[in-house]
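Good morning, and thank you for making time on the agenda. I would like to take the group through one chain, from its overall make-up to a few selected contacts.

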Amino acid sequence: MRIVICGAGIAGLTLAWHLERAGWEVELVERAPAFRDGGYMIDFYGPGYQVAERMGLRPRLLRDRYPVDELSYVGRDGRRTSHLKLSSGLEDVYSLLRGDLARAIADDVRAPVTYGTTVERAEQHADGVTVRLADGTTREADLLVGADGARSRVRSLAFGEVTPRYLGHQVAAYLVTDAELSRRVGTRYQMLTKPGLMAGAYALRDDRLALLFLRREPDPALPADPAATLRRHFGGLGWILPSVLERVPGPAGLYYDLVTQVELERWHRGRIVLLGDACQAVSLFAGHGASMAMAASWILADELATAHDTPEHLADALARYQARMAPAVAEVQAFGRRSIQWIAPSNRWRILARDLIFRLATLPGGDRLLVNSLSPGGHNLISARSDILETVRRD
């Protein structure tokens, strides 16, 4: 069977890896002009880690991971205001650049990728789907997968316009090369927070520094000049920010977007199915995005492996894929919405409460206090993770 995957990110590449090994003829198309490196740092674990192990990627991830021994908050003078030592025994937690994880998968995918184009039209018929690309070419396929992000073009073709749920924040990330700043930050994730603003930094190899910015903004419109917007809001906060904001890269090197979630009742229609952020974006407040994308890709491939090329069998496989994945997605999305006030506090009292909890977390039994404080209503990230793991374990 032949499949066209729109989107060559983590979700699309993982699905391609599995399906080409199951004998499918796979092609990927990607709007970006070339492979997308960089991105922000992620903590990669849980179901995605299990899928990566199945794919034989653990040695590569061990090579590419970064040590993180402390999470600390600093003031405008760079002095630490609170911190949390991280366990050195978290062997199954990988701190990685998103782009490094995508590259690890891509290097083991044989399917061709056509860069610089996307799906323009999709016409379903009895024998498959005709995919017309923006470059004027056409593909015939048995299945079209939209793994093209929260603003999915494939989703709009299948379901009409869907407005992602805006979580009231805008995010930016980029890399700079500066040996002195990289040395100062070191192997800890440092953050500076003010009401409605968060800036974070982490040192990388080769004298680089990864930077992440979060800003509370009620207006979901993206700014015309993201670099100027970052300088205006963060330039006066001190720490290392004046220096790094002088070196905001151009559009090719700057990630700037809205923080959103995507919620859909249905992830498939006929011979079109959605994957990753196109149907299950959980937002960086929840984390797990890359892990969930790999889990969903594995589950979709697992269901397609038993599907015959008939509309009925295909529809059943796609329905089972959604049924297995959707409950875990909803739980992680809910966790993400609850965590906003802790990751990006809206007032100074929240910041003071967070710092106090971090200090108490160093006392005996304090780690449980930390988990409970970040998880109101008796739900927490651990239970969400367990639910997802159960879906991945099903064979």
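What you see is a predicted model, in which local features need pLDDT of at least 70 and side-chain atom pairs count only at pLDDT 80 or more, while totals for chains, interfaces and linings use all residues. Residues are numbered from 1 along each chain as its sequence is written, and side-chain values use heavy atoms, with hydrogens and water left out.

First, the chain as a whole. It contains 14 helices and 18 strands; these are DSSP runs, H or I of at least four residues for helices and E of at least two for strands, numbered from the N terminus. Of the 395 residues, 54% are buried, where buried means under 20% relative accessible area, exposed means over 50%, and partly exposed lies in between, with a 1.4 Å probe and protein chains only. The accessible surface is about 17000 Å², and carbon and sulfur atoms contribute 51% of that; the areas come from the Shrake-Rupley method with a 1.4 Å probe, and for residues only the protein chains shown count as cover. Among contacts with a separation of 6 or more, 72% are between residues 24 or more positions apart, a contact being heavy atoms within 4.5 Å.

Next, the strands around β9, residues 128-133. Five of the six residues in β9 are buried. On one side, β9 runs antiparallel to β8, residues 119-125, through six bridges; strands count as paired if DSSP finds at least two bridges between them. The two form a hairpin with two residues between them. Strand β9 is also joined by four bridges to β10, residues 138-141, again antiparallel.

Helix α10, residues 289-304, spans 22 Å from first to last C-alpha, close to the 22 Å expected for its 16 residues, the expected span being 1.5 Å times one less than the number of residues. Because 14 of those 16 residues are buried, α10 is largely enclosed by the rest of the structure. In helix α11, residues 311-343, we find A315, which is partly exposed at 34% relative accessibility. The C-alpha atom of A315 lies 8.1 Å from that of R269, 46 residues away along the chain.

Finally, the salt bridges. There are 23 of them, each a side-chain nitrogen of Lys or Arg within 4 Å of a carboxyl oxygen of Asp or Glu. One joins E25 and R2 at 3.0 Å, N to O. Since E25 is in strand β2 and R2 in strand β1, this pair ties together parts 23 residues apart in sequence. E25 is partly exposed at 49%, whereas R2 is buried at 17%. Another joins R121 and E123, with the closest N and O atoms 2.4 Å apart.
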